[in-house]
Amino acid sequence: KAIALAFDFPWTNKTLFYDQYVENKSFFENSLLSADGLPSPTEEEFFKNLQAKFKDAVPSEVFTQPMGYLSLSQPIKKRMVQASKLLQEAGYSLKDGILSKGSSKLEFRFLLSSPTWGRIVEPFIKNLKRIGVAATIEIEESSVYQKRLQGREFDMTVLKIGQSQSPGNEQIDFWHSSSAEEK
């Protein structure tokens, strides 16, 4: 969440995309499955039962804050402060300009398939640096990019994955930890 807060969607949309986009508030935007507002009483009961059964399965903010819209009504400075606070709460501290936890530094690489993405990622990297996260860009030609993508040889990338209007088992294939090592 802290890293996502550092991405300035409103600025990027206005400056680079001439306000062409609307920020998604849900993974299944514009569908009956879209998360909208706070949970209904039935959903709240379900989440509380889930929370009781699996500790920390449902963050408490689900009951008090609508999901999505990380940047809605929050200027980037406020989000950067929130991101820093989240990282500090997670045990990170600033050492030589980079957040560290024990011997691990908070740093990662953006794998890109085209230098065109740089204009979007570079301002994000600048914001990440302000909160102590070290990020770099690696641009690969398409065949190397594809091989690295398949081999999961990256930390973050830009990727479009088509979804159906009635999601099913493919969600486990895409997002569950049991799929992490599969190509």
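Where does I161 lie? I161 sits in the loop between β6 (156–157) and α7 (170–175), where helices (H or I, at least four residues) and strands (E, at least two) are DSSP runs numbered from the N terminus. Welcome to a predicted model, in which local features need pLDDT of at least 70, side-chain atom pairs count only at pLDDT 80 or more, and totals for chains, interfaces and linings use all residues. Residues are numbered from 1 along each chain as its sequence is written, and side-chain values use heavy atoms, leaving out hydrogens and water.

**Salt bridges**
- There are six salt bridges, each a side-chain nitrogen of Lys or Arg within 4 Å of a carboxyl oxygen of Asp or Glu.
- One of them pairs E138 with R109 (3.8 Å, N to O).
- E138 belongs to strand β5 (residues 134–139) and R109 to strand β4 (residues 107–112), so this pair ties together parts that are 29 residues apart in sequence.
- E138 also meets R148 in a salt bridge (2.8 Å, N to O).
- Here strand β5 holds E138 and helix α6 holds R148, so parts 10 residues apart in sequence are tied together.
- Salt bridges with shared partners join R109, E138, E140, R148 and D155 into one network.

**Burial**
- R148 counts as buried at 9% relative accessibility, as buried means under 20% relative accessible area, exposed over 50%, and partly exposed in between (1.4 Å probe, protein chains only).
- E138 is partly exposed, with a relative accessible area of 25%.
- R109 counts as partly exposed at 28%.
- D155 is partly exposed too, at 43%.
- I161, back in its loop, is partly exposed at 31% relative accessibility.
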